[in-house]
Amino acid sequence: MTVKTFPIVEWSPQGITHHDDILAEEVAVALVYNSISHVVMMCTPQNLEDFALGFSLSEGIIERAEQIYGITLSPQALGIEVHIDLASSCFMALKQRRRALTGRTGCGLCGTEQLAMIVHPLQPLPFTQRFTLSHLASAFDQIKPMQSIGQQTACTHIAAWVDRQGRVCAGYEDIGRHVALDKLLGARSKAKWGREGCVLISSRASYEIVQKAISCGVEILCAASAATQRAVDLAQAQGLTLVGFSREDRAVVYTHAQRVISQSDNQL
């Protein structure tokens, strides 16, 4: 179950009514690597295997999905433990840069021990892809039925993969935009969608959202809202095409516009 009903009292100009509302379920999820708890996140309790894989990739804990040998969910009284069987070389590297992290659905950097730890080693992206921005209209139509929790509660974000032809291959919802993206990136790492396309997110493009995308080799990121200055700086430096205010009929390209075209072969 990912939603729950709750009795509320609602006020409006028409008066006061008593009825049930639908709320998105939120649980504490602990990612446990080789029996050592690394981070606790508040998120929606679905697609947690994809979340664990995507988080591991986007945080640089692993370089490829094969470095995780197994993922097991263990419900507890206070939440869910996700036990991750990690390759020994990756686990040794993880122990050397352990963080004390809690609740990264907000700024995404809460609990980082030192300022220097907010920067991950990143490889500059290649320029191998192009994307037609006119596909966004169809993409937004396609992700609407994928947001069942959001339609009921109005409190979730979605991250989706849109291929070069404008087909939405998958979309993942969560109360946290970082978690939604991690779930998508985890699924993408093992899916057969192909590498050509873009990530579409229903939120702003912050520094860590951009960093996660680059870490997983995403060349094009389209956000429904604005981008922050630091996110734009990182995208420019690492070769990510960053698009903000993505709508059915509008988009703002912040960086590396050579990857995107408006329609047909009209390059921006």
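**From the surface to the core**

Tryptophan 11 is located in strand E1, which covers residues 3–12. Helices (H or I, at least four residues) and strands (E, at least two) are DSSP runs that are numbered from the N terminus. The structure is a predicted model, in which local features require a pLDDT of at least 70 and side-chain atom pairs count only at pLDDT 80 or more, whereas totals for chains, interfaces and linings use all residues. Residues are numbered from 1 along each chain as its sequence is written, and side-chain values rest on heavy atoms, with hydrogens and water left out.

With a relative accessible area of 64%, tryptophan 11 is exposed. A residue is called buried under 20% relative accessible area, exposed over 50%, and partly exposed in between (1.4 Å probe, protein chains only). Together with Val9 and Ile16, Trp11 makes a nonpolar surface patch of about 390 Å². Such a patch consists of residues with over 30% relative accessible area and no salt bridge; nonpolar side chains (Val, Leu, Ile, Met, Phe, Trp, Tyr) are joined within 5 Å, and like charges within 9 Å. The areas come from the Shrake-Rupley method with a 1.4 Å probe; for residues, only the protein chains shown count as cover.

The loop between strand E3 (27–33) and strand E4 (36–43) contains asparagine 34, and serine 35 is placed in the loop between E3 and E4 as well. Although asparagine 34 is not a glycine, its phi is positive, at about 50°. Serine 35, also not a glycine, has a positive phi of about 75°. Asparagine 34 is partly exposed, with a relative accessible area of 24%, while serine 35 is exposed at 69%.

What lies in the interior? In soluble globular proteins, nonpolar side chains tend to be buried together. Here the largest nonpolar core has 56 residues, and Leu31, Tyr33, Phe51, Leu86, Val210, Leu221 and Leu242 have the most contacts inside it. A second, separate core has 16 residues, including Phe131, Ala139, Ala160 and Val168. A nonpolar core is a set of buried Ala, Val, Leu, Ile, Met, Phe, Trp, Tyr and Cys residues joined through side-chain atoms within 4.5 Å. Phenylalanine 51 is buried at 0% relative accessibility, and phenylalanine 55 is buried at 1%.

Why is helix H6 (residues 207–215) described as largely enclosed by the rest of the structure? The reason is that eight of its nine residues are buried, namely Tyr207, Glu208, Ile209, Val210, Gln211, Lys212, Ala213 and Ile214. The buried residues of H6 pack against several elements: helix H1 (48–58), helix H5 (177–190), strand E11 (197–201), strand E12 (220–223), helix H7 (229–238) and strand E13 (241–244). After H6 comes glycine 217, which has a positive phi near 80°.

The structure has eight salt bridges, a salt bridge being a side-chain nitrogen of Lys or Arg within 4 Å of a carboxyl oxygen of Asp or Glu. One of them joins the side chains of glutamate 59 and lysine 212 (3.0 Å, N to O). This pair connects distant parts of the chain, 153 residues apart: glutamate 59 is in the loop between H1 and strand E5 (68–76), and lysine 212 is in helix H6. Glutamate 59 is buried, with a relative accessible area of 3%, and lysine 212 is buried at 2%. Glu59 and Lys212 are also linked with Asp182 in a network of salt bridges.

Another salt bridge is formed by glutamate 219 and arginine 259, whose closest N and O atoms are 2.8 Å apart. Glutamate 219 lies in the loop between H6 and E12, and arginine 259 in the loop between strand E14 (252–253) and strand E15 (260–261), so the pair ties together parts that are 40 residues apart in sequence. Both glutamate 219 and arginine 259 are buried.

The side chains of arginine 164 and glutamate 196 meet in a salt bridge as well (3.1 Å, N to O). Arginine 164 is in the loop between strand E9 (157–163) and strand E10 (168–174), and glutamate 196 is in the loop between H5 and E11, so this pair ties together parts 32 residues apart in sequence. Arginine 164 is partly exposed at 41% relative accessibility, and glutamate 196 is partly exposed at 36%.

Note on methods: Contact = heavy atoms within 4.5 Å.
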